[in-house]
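Here's a quick briefing on one helix and a handful of charged pairs. Have the model open while you read.

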Amino acid sequence: MAARPDAAATGPARRDAQETKAVIIRAARHLLARHAHADITLKAVAERAGVSAPLILKYFGNKDALFARVMSFETDAEALLDAPLAELGHHMVHHLLTGQAEHGADPILRIVFAPLHREQGDILRANFRTQVVERLSERLAGRDAGVRAELAVSMLLGLGVMYGIARGQHVRGAPIAEITERYASTVQGFLTP
């Protein structure tokens with residue numbers, strides 16, 4: 001039986017491929033936050049990622065497949081919501097601020113750019129609702145779980161916009177631990193009132 005082509009790519013070679021895919025996705029996210037989807041070319045993504053356009057095609061197939069992955073919040077939601085409910089507000093705030101400070105962006109915040117992308121913006125919104133907000137809502141008890149999930153996420157997005165997009169000097173100048181402690185209880189209040 002012949003080995004599958006991807007089965008040979010194990011160890012360091014597999015990690016390099018995974019890292020390269022992650023770099024390509026980050027480059028596409030960066031461009032998507034600054035340009036309309038229709039204006040982004042594979043060449044621009046390749047240049048931003050420091051790879052060739054044919055390599056993007058090898059890993060993702062085409063531009064639509066790449067951006068379908070970029071417009072998914074599935075992996076980002078897993079990391080954002082990866083804490084027990086009693087500690088989730090703290091975790092979510094810390095996760096968002098750390099992502100902003102260490103990577104210059106948090107993948108969850110790309111929802112604020114949905115209006116730039118016409119029909120792709122609709123896809124982004126739908127993915128955000130189902131993969132982030134509804135997933136959070138499912139963890140909450142009570143008949144108003146959906147409202148509380150939306151309010152908690154709204155609080156988080158507001159902080160992300162002030163920290164990462166508006167670049168509020170006082171918020172950015174304060175230690176992340178301090179902002180987390182001040183803000184997390186408000187977010188947690190929607191999760192476990």
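Is Arg 125 buried, exposed or partly exposed? Arg 125 is partly exposed, at a relative accessible area of 31% (buried means under 20%, exposed over 50%, partly exposed in between, with a 1.4 Å probe and protein chains only).

A bit of housekeeping before the details. This is a predicted model, where local features need pLDDT of at least 70 and side-chain atom pairs count only at pLDDT 80 or more, while totals for chains, interfaces and linings use all residues. Residues are numbered from 1 along each chain as its sequence is written, and side-chain values use heavy atoms, with hydrogens and water left out.

**Helix α10**

- Helix α10 covers residues 176-191, which is 16 residues (helices are DSSP runs of H or I, at least four residues, and strands are runs of E, at least two, numbered from the N terminus).
- From first C-alpha to last, α10 reaches 21 Å, close to the 22 Å expected at 1.5 Å a residue (the expected span is 1.5 Å times one less than the number of residues).
- α10 isn't straight throughout: look for a kink of about 35° centred on Tyr 183 (the bend is the angle between axes fitted to the seven residues ending at a residue and the seven starting there).
- The buried residues in α10 are Ile 179, Thr 180, Ala 184, Val 187, Gln 188 and Leu 191.
- Their cover includes α6 (88-103), α7 (118-139), α8 (145-165) and α9 (169-173).

**Salt bridges**

- The whole structure has six salt bridges (a side-chain nitrogen of Lys or Arg within 4 Å of a carboxyl oxygen of Asp or Glu).
- In general, side chains of opposite charge can pair when their charged atoms come close.
- Arg 125 pairs with Asp 122 at 3.9 Å, N to O. The two sit three residues apart in helix α7, so about one helical turn separates them. Asp 122 is partly exposed at 45% relative accessibility.
- Arg 182 is exposed at 63%, whereas Glu 178 is partly exposed at 37%.
- Arg 148 and Asp 144 meet at 3.0 Å, N to O. Here Arg 148 is buried, at 7% relative accessibility, while Asp 144 is partly exposed at 33%.

Conventions
Contact means heavy atoms within 4.5 Å.
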